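Please examine the following model, after which its features are discussed in turn.

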Amino acid sequence: MCKLVETIRACVTPTSRPAVNISGGIDSAIVLHHLAEKCKEPIHTYTVAFSGQDNELAQGKELAEHYGTTHHEVIITKLLSRYSEILAFMDKPRFNLWPFYVAEQQSKDGIENVYIGEGGDEHFGGYWYKKTVSYPEQWAHLFTYVDPTYRAIYSHFNINLHAPLHPSNLRFTVTYPYYDWDQEKKHLREAYRNILPDFVLDRRKSPGKKDYWVIWKQELQQYFPN
């Protein structure tokens with residue numbers, strides 16, 4: 001397990017004016033932990049939430065306080081109002097454009113490098129709530145939807161994007177048979193016991209789903225009144 005930690009640690013490289021997008025989950029916590037180990041500059045952290053919905057603000061704040069970061073909360077009140085503006089610099093229509101609002105705030109704050117935890121779920125089996133979806137499908141989702149959106153958005157704001165757990169950096173994968181979906185990153189949690197705080201390791205991953213009924217009531221309904 002020590003070798004696993006050292007392998008991941010080697011993928012986190014300190015940079016200037018850094019920030020980490022955190023949810024309070026284990027992936028972003030690992031990235032933040034290793035960056036805090038190596039970085040001599042103050043670290044900023046950001047947690048995003050959608051207005052009127054369940055969120056991870058409390059978990060993000062708890063993690064930020066543990067590592068003593070300069071923490072920011074980005075509350076998206078109108079998710080769809082600027083989609084036409086965002087899609088103008090996308091290569092094709094995309095739905096997962098919420099990182100734009102975080103990146104925009106980070107640009108205003110003078111952040112030059114942003115770290116994300118994408119790839120951790122696919123490597124270590126974090127989708128306990130998606131038992132009907134195969135791991136190849138999850139990898140395809142990462143490469144097809146998540147990656148291009150993040151790259152386009154952060155390129156738009158001239159911010160360097162770092163994904164230490166992404167397969168382009170972490171060059172191995174742990175695969176699981178179909179009956180082991182709910183192991184919830186067991187190997188990763190065991191490796192980081194006594195390294196990460198227990199409140200991260202003992203917390204079950206949130207599904208992180210947006211409530212589209214709330215979005216309908218807050219925004220979409222005005223576009224389709226009849």
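Q: How much space lies in the second largest pocket?

A: A pocket is an open set of points, on a 1 Å grid over the protein atoms alone, with protein on both sides within 12 Å along at least five of seven lines. A volume is the space filled by probe spheres set on the points, which are joined across faces, edges and corners. Here the second largest pocket holds about 180 Å³. The model is predicted: local features need pLDDT of at least 70 and side-chain atom pairs pLDDT 80 or more, while totals for chains, interfaces and linings use all residues. Residues are numbered from 1 along each chain as its sequence is written, and side-chain values use heavy atoms, with hydrogens and water left out.

Q: Which element supplies the largest share of the lining of the second largest pocket?

A: Lining residues have an atom within 4 Å of a point; helices (H or I, at least four residues) and strands (E, at least two) are DSSP runs, numbered from the N terminus. Helix H7 (135-156) gives the largest share, 4 residues, and strand E5 (160-162) also supplies at least two. The lining includes Tyr150, Arg151, Leu161 and His162.

Q: What is the make-up of that lining by class?

A: Ala, Val, Leu, Ile, Met, Phe, Trp, Tyr, Cys and Pro count as nonpolar, Asp, Glu, Lys and Arg as charged, and the others, Gly among them, as polar. The lining of the second largest pocket has 5 nonpolar, 4 polar and 3 charged residues.

Q: How many cavities of 30 Å³ or more are counted?

A: A cavity is a set of grid points where a 1.4 Å probe fits but cannot get out. The count is 1 cavity of 30 Å³ or more, and the largest cavity holds about 40 Å³. Among the residues lining the largest cavity are Phe50, Ile76 and Ile215, and helix H10 (residues 212-223) contributes the largest share of this lining, 3 residues.

Q: At what angle do helices H1 and H2 pack?

A: Axes are lines fitted to C-alpha atoms, for helices over the stretch in contact, and angles run from 0 to 180 degrees between N-to-C directions. Helix H1 (residues 2-10) and helix H2 (residues 26-38) pack at about 70°, their axes 10 Å apart. H1 and H2 are therefore roughly perpendicular (the class for angles of 65 to 115 degrees).

Q: How many salt bridges does the structure hold?

A: A salt bridge places a side-chain nitrogen of Lys or Arg within 4 Å of a carboxyl oxygen of Asp or Glu. The structure holds 10 salt bridges, including one between Glu6 and Arg9 (2.1 Å, N to O). Glu6 and Arg9 are separated by about one helical turn because they lie 3 residues apart in helix H1.

Terms used
Parallel < 35°, antiparallel > 145°, perpendicular 65-115°, else oblique.
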